[in-house]
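Visitor: I have a model open and would like to walk through it with you. Could you take my questions one at a time?

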Amino acid sequence: MSDAKKPLLEVRDLKQHFPITSGALLQRQVGAIRAVDGISFDVYPGETLGIVGESGCGKSTAVRSISQLHKPTGGSVIFEGVDLVTADKQTMLKARREMQMIFQDPYASLDPRMTVRSIISEPLVIYNRRGLLEKPMTAIEIEHRVEDLMERVGLNKLFKNRYPHEFSGGQRQRIGIARALALNPKIILADEPVSALDVSIQSQILNLLSDLQKEFGLTYIFIAHDLAVIQHISTRVAVMYLGKFVEVSDAVRLYDNPLHPYTVALLSAAPIPDPTVERGRQRIILSGDVPSPDKERFGCYFYDRCPKRMPWCSCHIPPMFTHEQNHDVACWLYDPERDYHDVSLEEAQAAAAQSKVV
């Protein structure tokens, strides 16, 4: 698929660092939280890229940086040939018509003082007023559009004059989905849209998103920390750790044959509904805690917790190696040109020093 299609979204070396300041008056920067530290990927029309990882690894920050809710520290976000990082306000407004978000918390993402009609119609009213819609809409057309969207996401259109507090969590998330669909976007960034919902409601929302994708030809970037959710909805999966991608692969291949030690550990912790299989498999317990993202690292980001670490890993950051078609992994174990098991720490440090000099 990736060879036959042109990417809808191209992200290159995206970084999002939040400054750490000191001093009551001068606010001198003394460090930075490296929430996203150089990720690159493509998203193709009609697919769902799932991003999975532990809480705090930078998943939500990544999608907020892509949508320019956070201005990235570095890198580029090219959407339909336009770099959003350097785009002016007018260009960004046009791009946002094609790129919408579904937020994690359906209780916090809806204005409690607005009716459902106002919430869903707000993007249409704003873009209509600024003349940025493909075709201008009358008030009656906007009203009909709101009712149509409510029915498409499984809400009774007779409830359009109600307020968010009158709905359940699942219904509120449906309102958020309807709002995201209002401008007919091409890509939707879904920031853990089911994590705050009950399990029974999660499946309903996931099925709704899948149905809408087929109906409207949508493209998703789907953020989650639940491996089962990601497996259910994703075409491709990117595994994130400490602000970096460590493995990117087709969903089926990743779950059948995980390569990176972190991915293997993640999947070993996910429960399997078959009791026989569950009893027979080995659980991998990682040592230590996730390192602080405020420290600059000169080796593999997973080195401190990796059960397969080598001296070389301590002072060399691994690039993405292509293990097989559509399966990339950032791990020195999969370097096709060299085996590093016999390299001592002194040799690894000398090579790192030499590369800095060069």
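Visitor: How many helices and strands are there in the protein?
Guide: Happy to start there. This is a predicted model, in which local features need pLDDT of at least 70 and side-chain atom pairs count only at pLDDT 80 or more, while totals for chains, interfaces and linings use all residues. Residues are numbered from 1 along each chain as its sequence is written, and side-chain values use heavy atoms, with hydrogens and water left out. Taking DSSP runs numbered from the N terminus (H or I of at least four residues for helices, E of at least two for strands), the protein has 11 helices and 12 strands.

Visitor: What is the radius of gyration of the protein?
Guide: The rule for a globule, applied to C-alpha atoms, is 2.2 Å times the number of residues to the power 0.38. For 358 residues a compact globule would come out near 21 Å, and the protein agrees with that, at 22 Å.

Visitor: What share of the contacts with a separation of 6 or more is between residues 24 or more positions apart?
Guide: A contact here means heavy atoms within 4.5 Å. Among contacts with a separation of 6 or more, the share from residues 24 or more positions apart is 65%.

Visitor: Is serine 249 buried or exposed?
Guide: Serine 249 sits in strand E10, residues 244-250. Beyond its neighbours within four places in sequence, serine 249 touches Arg236, Val237, Leu254, Asn326 and His327. Buried means under 20% relative accessible area and exposed over 50%, with partly exposed in between (1.4 Å probe, protein chains only). Because its relative accessibility is 0%, serine 249 is buried.

Visitor: Which residues have the most contacts inside the largest nonpolar core?
Guide: A nonpolar core is a set of buried Ala, Val, Leu, Ile, Met, Phe, Trp, Tyr and Cys residues joined through side-chain atoms within 4.5 Å. A second, separate core has 30 residues, including Val11, Leu14, Met101 and Leu189. The largest has 71 residues, and the ones with the most contacts inside it are Ile177 and Phe222.

Visitor: How far apart do the centres of the positive and negative side chains lie?
Guide: Lys and Arg count as positive and Asp and Glu as negative, without His or the chain ends; each charge is placed at NZ of Lys, CZ of Arg, CG of Asp or CD of Glu. With 41 positive and 44 negative side chains, the two centres are separated by 6 Å.
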